[in-house]
Amino acid sequence: MTEPPDSLSDPRELLLAYLDYYRDTLLRKLDGLSDGELRTSRLPSGWTPLELLKHLAFVERRWLRWGFLGEHIDPVWGENDPETGKWSVGAEESADQIRALFLDACADSRSIVSGAQLQDIARGGGRFDSPERPPALSWILFHVLQEYARHVGQLDVVRELADGATGE
């Protein structure tokens, strides 16, 4: 997938195209890494590429299902080790399972967004169960987009350290 064209001017289409672009870029950056590399950290913080993929699957769930729709989801922080709070992938979880979890979460998010307008306000009862006004879908999607941009940039460095691969 290539970056959305510079002729795209509709804000909704542009936002959703960039989200899909970063989702695809994330997966492409993981392609070709061995299971060992997917489970190896190259950073002082300790996260692995497979843990990052699982984290972003739960980001999708937290912000769109729990946040925007106000659904009850369990576990909310399913990528975190209960004892350390750090991202984790169990030895019994395969790379294919985590990839499927991610793809399912992205499909759910696309379905949620397809039935809503950018100005729609998140429902209460989920992530935004407070007296403050919940955010609009546009704010949530921009937050998710910036999270992808940040994490894909981090993965650029990790991939280069792992095998020298660079580029988008």
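The legends below describe views of a predicted model.

**View 1. Overall fold of the protein.** The protein has five helices and zero strands, in the order α-α-α-α-α along the sequence. Helices (H or I, at least four residues) and strands (E, at least two) are DSSP runs numbered from the N terminus. The radius of gyration, taken over C-alpha atoms, is 16 Å, close to the 15 Å that the globule rule gives for 168 residues, so the protein is as compact as a globular protein of that length. The globule rule is 2.2 Å times the number of residues to the power 0.38. Along its principal axes the C-alpha trace spans about 45 × 45 × 25 Å.

**View 2. Packing of helices H3 and H4.** H3 (residues 49-68) and H4 (residues 95-114) pack at an angle of about 25°, with axes 9 Å apart. Axes are lines fitted to C-alpha atoms over the stretch in contact, and angles run from 0 to 180 degrees between N-to-C directions. The two helices are therefore roughly parallel to each other (angles under 35 degrees).

**View 3. Residues between H3 and H4.** On the H3 side, the residues in contact (heavy atoms within 4.5 Å) include Leu-53, Phe-58, Arg-61 and Phe-68. Those of H4 include Ile-98, Phe-102, Asp-108 and Val-113. The contact residues divide into 15 nonpolar (Ala, Val, Leu, Ile, Met, Phe, Trp, Tyr, Cys and Pro), one polar (the others, Gly among them) and six charged (Asp, Glu, Lys and Arg).

**Notes.** Residues are numbered from 1 along each chain as its sequence is written, and side-chain values use heavy atoms, with hydrogens and water left out. Local features need pLDDT of at least 70 and side-chain atom pairs count only at pLDDT 80 or more, whereas totals for chains, interfaces and linings use all residues.

Key: Angles under 35 degrees count as roughly parallel, over 145 as roughly antiparallel, 65 to 115 as roughly perpendicular and the rest as oblique.
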